[in-house]
Amino acid sequence: MRKVLMRRYPRDLKANLFRYLSLFLLITFCMFLIISIVDAAERVIRGTERNQAESVLEDGQITTFTPFTEEQIKEIEDAGYIIEPHFNYEYMLENGAVIRMFVNREKIDKVALDNGRLAEASDEIVLEKRFAAENNYRVGGSIQIGEKDYKITGIGSSVDYDAPYRKLSDTIIDSSTFGIGFLTKEGYEELKKTGGGSEELTYAFLLGDHTATEFKEMVKGFDFDYKKVDDPYYQEMLSDTYGKKDEIQDGINDLVDGVKELADGVDELKDGTGELADGMEELYDGSVELYDGSVELYDGTKELKDGTKEFRDGVTELTDGVTKLEDGANSLESGSNALNGGLWSLNNGTANLRDALKELNKNNAQIEGGAEQIFQALLTTTQNEINEQLTAVGMPPISLNAENYSDVLSGLAAQLSAVGMDASGIRDAKDSLEGIEAYANGVKQYTGAVSQITEGAGKLADGSAQAFNGSGSLHDGTVAFRDGITEFKDGTGELTDATKKLDDGAKELSDGTKELSDGSKELSDGVKEAYDGSVELDDGVKELRDGVTELKDGVDDLKEQSDEMLDKLFKESPNNITEFMLKDENNRIGGAAGDLEMNRSVGLLAGVIVMVLFTYVLSVFVIHQIQNESSVIGALYSLGVRKNELVSHYITLPTLVCFLGGLCGGLLGLCKFGSDSQMGDTYCYYSVPWFGMMVPLYLIIYAVAMPPLVSAFVNYIVINKSLSRTALSLLRNEQKASRRNNIKLGKMNFINTYRIRQLLREIRTALTILFGMVISLLVLMMGLDCYVLCESAGRLNSEDVKYQYMYSYKYPTKEPPEGGEPLYVQSLKKEQYGFNLDITVMGIDDDNPYIGVKTVPGKNKIIASDSVAVRYKVGIGDKIIFSDTANDIDYAFTVADIVPYSVGLTVFMDIDDMRDLFGEDDDYYNVVMSDHELEIEEGRLYGVTSKADIDKAADIFLKLMQSMFMMLIGASALIFGLVMYLMIAVMIDRSSFGISLLKIFGFRKGEIRKLYLDGNRLMIIAAAVIAVPIAKWFMDTIFPSFIGNVACAIHLEFPWYLYVIIFAGILATYEVINLFMMAKLNRVNQTEVLKNRE
Amino acid sequence: MENDSKNIILQVKNLHKSYGSGENEVVALNGVDLEIYEGELFVILGSSGSGKSTLLNMIGGMDAPSSGSVIFRGREISRFKDRELTNYRKNCIGFIFQSFNLIGELTVRENVALVANTKKNPHIVDDMLDLMGLSEKKKKYPSQLSGGQQQRVAIARALAGDADLLLCDEPTGALDYETGKQILKQLETLSREHHKTIIIVTHTKEIAQMGDRVITVKDGKITNMYVNDNPVSAERINW
């Protein structure tokens, strides 16, 4: 079946020729670009490797103060090394360009000639090719150096100047102003005599089986008479260095003395610690006793505290009693006063009474006599009367007296009553008598009483007088008592205060004693620990003494050895090496290959991404075809044709197109025209020989196999689902009900509704356009990022470089030159993406007028430039490690701040902290900046950088990259335009029935265009709004990895107008394609309706 | 026709097919039972939406029943997996549709060869084209043929797989009367002379007269089945 279906391919191809042809050409073009770029990279990388091998690339180079002696050279060669002098000096030409002169090389870093031959006579010269090209020197021509014309016999390159930087710290190659030349030995010596710069005594070497360290140590061990060095600045440096010898020796002597004193001191310390341990033991015993005593004291004070409390209560009660007593005394005084008054009145009264009673007493006898008489009279009378009566009745008379009258009368009365006679008269008489008798007795008593009263009154008067006198005394006593009480009260008040104080004191005493007790406990514990410690101290000091004894012995040895070493070091020659650099540290070597490493990997990856896009575009065509042939496919399924057979059938044609595109693109890319065109940039910048054609096997496989494999994979993924439908479904050409078809669009006019529906129907195609837009924008962004990077690097470098001249010192003077601002600059390394880039650590004063950066104190605090921050993704507070690869030391820094500064990869430190960190003197500097040219002896300097050089370098870089920008922008536009054209064309094809129907219904062209094309404009705008930021973000994310080997700031921000240009470009491309689409739309005729229906 | 003496090639037992569910459920087949014998021309008659095409699709293994079974030569195809169903369609069944479904970019011969079982019979493509009277047209493209010729190509293609059972879904539906009649004659020839078992689905009663047996399907059920002792020749059918 496959064979039968294969016959369909040519017919299918013919039917869709434009579609397949355009994609084929696009694939061919893209594969051509990719393969040619990768092949060019491969040619340069492998060519460089081959060239390095053929030219015998050095393992490193060593620069010395004085040339090696013949014996030293022989010793080196005998040890198995290969060494060749590559002495050189610079000569400035009349046009201001500088040429570095070398002697023809024979063993190492041999010149690869592009044209001509090596110099054979003293007036012949070979020029480095880039320098020759920039200055229009040709073989057979001449060049004037000094006063002499040299015939140019050859033009070529040298592997140790693959990237012909004048200085190793340069970031840009400017071959118009710097190049190298090779002379004969005689020519070199002759020219040297006529002037030129100081000669660099550099040797290139091959290590053989040895290591670089071994070689370096060997050279260090060579005799070196520094006095033969005629460099005055070097001599100046040596004198400074030798001045250190005495300082070192003095220091060591001081150390020996100090250690001796230390040993003595430690002996004394040992004795002291022994005593201390004994003392501590006693102290501990004492502290234990102290603790016991303090505990008892605490108990006592506790009791005292209770007692004082009780006492205080008593005093309080006493105070209350005294107060009451005082009140009583006051009352007593008042009472005694009253008493005294009363007694005085009484005294007067009693005197009067006594006198009155005396008067009264005078009549008492008369009153008594009168009363007796009255009684006697009455008694007699009564007797008489009664006798009279008795007699009358014959009764005997009675005799009455004062003693018997009562009985007689009572008896009589009773007799009378007994005989029935009336006795009342008797009883009355008796009563009267008794009354009178009582009266008489009363008078007697009265008089007796008056007498007694009188007597009493006399006594009373006497008594009252006495009482009055007594009360006077009493009053005086009570006053005195009250006064006493008052004083007593005052005394009790004081007593209360005193008692309170006593109580408080007792309480405090108790608390204090408690603390004393606790403290004494702690003291005891502490003393115990101290005691233990003192014992350990004693042991430790014993060990210390042993150690110090050893130290003393060691320092004595040290002195001996250091004396020997210093004697040796300063007696013999100083180190002859001024610079030792291995090939990996030399950025002039392999620069071109390193630059293209990224092209290779990125190119291969980009090829796959672009092929995914193209094959997806192809798959859209296939899907369209499958939909058209749905019923046929259903019929074939119903006849037992398998899905896989049809899948492979539908995949085959796109895969074939991709294969052919890949093959043609690959062939074109791999041919001379292809990769040569891509090597232009390299040859215009680096100094490398012309590398011959190279066809790496993997690239052939990549070109031939990758496109069809990607196509097969993508198409399989895309169409598998469409072909997985059932035979019935395909037969009926059922369109899967999609949710997007059911979207309610609300009330819109017909045209808008139709446009949206059309867009939803063609969403897959629209997404492909978006995908294509993203891919082409990625290519565009790569080009624009390159442009923006170069442009911003140049502009910002110019802005950030505030100095006019920067002098890098080899031998700095003690004081910086007048008008110059000293800095300390150290170069460290930081690895990223496999490239070890130079980080410039710049030590500055805060008032440096050329670097507007405020440093932060601290040996590990740096202010990072934004170039470093962006490149290494560090923020404030982050740690970053830089390496001193030469000495194998890592330095960890904390980023204290980030400042805008785009020159190289620079961080800033406080100059004093930096000197501390790197062990330099307090006044050390090695760079001077100034705003005008300074008069500094050239011999002191490594080099001078001017702002003008920097500005020029930026222009060179921008110019150099221009062709690449244009190529990328062109490729981007082509990809975008073609993908968009093909996809919109598919949309129209798929809608041909509808378009045809609308035409039949009488819709005009403009209306149909509105329905089918104008909606795409909005889609393109929306896609651009989505795709531009995505592509920009993605490219910005990966772009730093493309320039991993370039130590520069990465500023990829686009100015606003660039975005406007991008959007305008997208829309312009769309509008151009829209014109083509209008023509296609017009070609759809009404018969489509008939064609699509059997 | 003595059915008892014939072998059963296909059995359909209590076949149900419904689409959708709940209120939206549409019952296409509702308990269909039938047997097809070797070599007979069997007609399924029914109006649009009666379920006749669904029944044909079930028999052809193009659709799966909701319940019931389809047994072809003793093997229950309703339990077949995809691969077995494909093999069944490839080796046992030939489909003819109302639309011819030919590949426009392939010639007549290529369209037939596409599904031909050349392993079994290397000459089958030409044989089938001869049989269909298309030898002269074999290098033509479908667009260069009339509808009847295209349908004959479709029949040749259906036969090229050496099918035991030919399923024809409204084979004259897209053809004019005369052309349709020719197609029916071809089918009749295949049945009578080449003893192919053929099932024709049609909504035309007159066409049903040419069948050995005819069933009428309505609302997914067989409402009538009769044995046509005197099938009418295609030549004599008018509709």
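1. Start with helix 14 of chain A, residues 643–670. This helix has 28 residues. From its first C-alpha to its last it reaches 39 Å. That is close to the 40 Å expected at 1.5 Å a residue. Keep in mind that the whole model is predicted.

2. Where does helix 14 of chain A have a kink? Look at T652(A), where the kink is about 35 degrees.

3. Now turn to chain B. Its secondary structure comes to 7 helices and 10 strands. Chain B has 239 residues, and 52% of them count as buried. Take the contacts in chain B between residues at least 6 apart in sequence: 69% of these join residues at least 24 apart.

4. Chain B has an open sheet of 6 strands. Trace the strands in the order 6-7-8-3-9-10. The pairing is mixed. Which strands form the edges? They are strand 6 (93–96) and strand 10 (221–227) of chain B. Each of these two pairs on one side only. From one strand to the next, the twist averages 15 degrees.

5. Strand 6 of chain B runs parallel to strand 7 (residues 165–169) of chain B. The two are joined by 4 bridges. For I96(B), the bridge partner in strand 7 of chain B is C168(B).

6. Helix 5 of chain B touches strand 6 and strand 7 of chain B. The direction of helix 5 makes about 170 degrees with that of strand 6 of chain B. Helix 6 (residues 177–192) of chain B also packs on the sheet. It touches strand 3 (41–45), strand 7 and strand 8 (197–202) of chain B. The direction of helix 6 makes about 150 degrees with that of strand 8 of chain B.

7. Last, the two chains meet. How many residues of chain B are in contact with chain A? The count is 24, and they contact 19 residues of chain A. Three helices of chain B each supply at least two residues of the side that touches chain A: helix 2 (82–91), helix 3 (108–113) and helix 5 (147–160). Helix 2 of chain B gives the largest share, 5 residues. By class, this side of chain B has 10 nonpolar, 8 polar and 6 charged residues.

8. One element is worth a second look. Helix 5 of chain B packs on the sheet, and helix 5 also supplies residues of the side of chain B that touches chain A.

Technical notes
Residues numbered from 1 in each chain as written. Chains lettered and ligands numbered in written order. Predicted model: local features only at pLDDT ≥ 70, side-chain atom pairs only at ≥ 80, totals over all residues. Contact = placed C-beta atoms within 7 Å. Nonpolar A, V, L, I, M, F, W, Y, C, P; charged D, E, K, R; others polar. Pairing = 2+ DSSP bridges. Axes fitted to C-alpha atoms, helices over the stretch in contact; angles between N-to-C directions. Buried ≥ 20, exposed ≤ 12 C-beta atoms within 10 Å, placed from the backbone. Expected span 1.5 Å × (residues − 1). Bend = angle between axes of the 7 residues up to and from the residue.
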